[in-house]
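Notes follow in the order I took them.

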Amino acid sequence: MRIGELSRRTGVNAHQLRYYGAQGLLEADRGANGYRDYDESAVLRVKQIRHLLGAGLSSEDIAYLLPCATGEAPELPGCPDLLAAMRSRLERLDDQMERLAQSREALAHYIGEAARTSAGTYPPFDGTDREPILA
């Protein structure tokens with residue numbers, strides 16, 4: 001099947017499918033005309049990729065895990081190398097979440113402080129001489 005059909009069957013746009021190919025996640029044969037030709041297994045492979053991306057894995061992580069994946073969800077065997085890779089990614093996500101929570105707390109604090117400040121001490125913002133910093 002050509003990339004347009006794979007895109008229709010998976011709901012993933014052709015640009016993303018090309019990216020998956022460039023990352024080594026999705027294989028296609030090339031016809032004499034240069035067009036990509038995917039076999040039926042590409043539909044399952046794209047669904048697996050989407051699920052793993054949804055779990056926060058990078059394309060590099062997925063390239064490592066994908067050869068062991070079975071089923072659409074996908075299922076991954078519990079071998080030590082795969083578990084170590086997934087645990088490492090989970091730790092990175094936990095770190096990111098902690099940093100985001102700290103940023104959120106700090107921003108909420110600044111908002112609270114600014115809300116308590118008398119608005120009468122600042123000229124009103126009319127939008128003519130400057131743009132707001134945050135949008």
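I began with the order of elements. From the N terminus, I read α-α-β-β-α-α-α along the protein chain. That gives five helices and two strands. I am working from a predicted model.

**Whole chain**

I looked up burial next. Of the 135 residues in the protein chain, 21% count as buried. The accessible surface comes to about 9,900 Å². Carbon and sulfur atoms hold 53% of that surface. Then I checked contact range. Among contacts with a separation of 6 or more, 45% join residues 24 or more positions apart.

**H1 against H3**

How do H1 and H3 cross? I took H1 as residues 3-10 and H3 as residues 41-54. Their axes come within 10 Å and cross at roughly 50 degrees. An angle of 65 to 115 degrees would count as roughly perpendicular, and one under 35 as roughly parallel. H1 and H3 are therefore oblique to each other. I noted the hand of the crossing as well: it is right-handed. From H1, the contact takes Leu6, Arg9 and Thr10. From H3, it takes Ala42, Val43 and Val46. By class, I wrote down four nonpolar residues, one polar and one charged for the contact of H1 with H3.

**H2 against H3**

I turned to H2, residues 14-22. H2 packs on H3 at an angle of about 90 degrees. The two axes lie 12 Å apart. Which residues of H2 and H3 meet? On the H2 side I listed Gln16, Leu17 and Tyr20. On the H3 side I listed Val46, Ile49, Arg50 and Leu53. The contact of H2 with H3 has five nonpolar residues, one polar and one charged.

**Gly24**

My last stop was a loop residue. Gly24 sits in the loop between H2 and strand S1 (29-30). Is Gly24 buried or exposed? I found a relative accessible area of 57%. The cut-off for exposed is over 50%, so Gly24 is exposed.

How values were computed: Residues numbered from 1 in each chain as written. Predicted model: local features only at pLDDT ≥ 70, side-chain atom pairs only at ≥ 80, totals over all residues. Heavy atoms only, no water. Axes fitted to C-alpha atoms, helices over the stretch in contact; angles between N-to-C directions. Helix = DSSP H or I, 4+ residues; strand = E, 2+ residues; numbered from the N terminus. Contact = heavy atoms within 4.5 Å. Nonpolar A, V, L, I, M, F, W, Y, C, P; charged D, E, K, R; others polar. Parallel < 35°, antiparallel > 145°, perpendicular 65-115°, else oblique. Left-handed = near helix turned anticlockwise from the far one by under 90°. Buried < 20%, exposed > 50% of the residue type's maximum accessible area, 1.4 Å probe, protein only. Areas by Shrake-Rupley, 256 points an atom, 1.4 Å probe, with all protein chains shown as cover.
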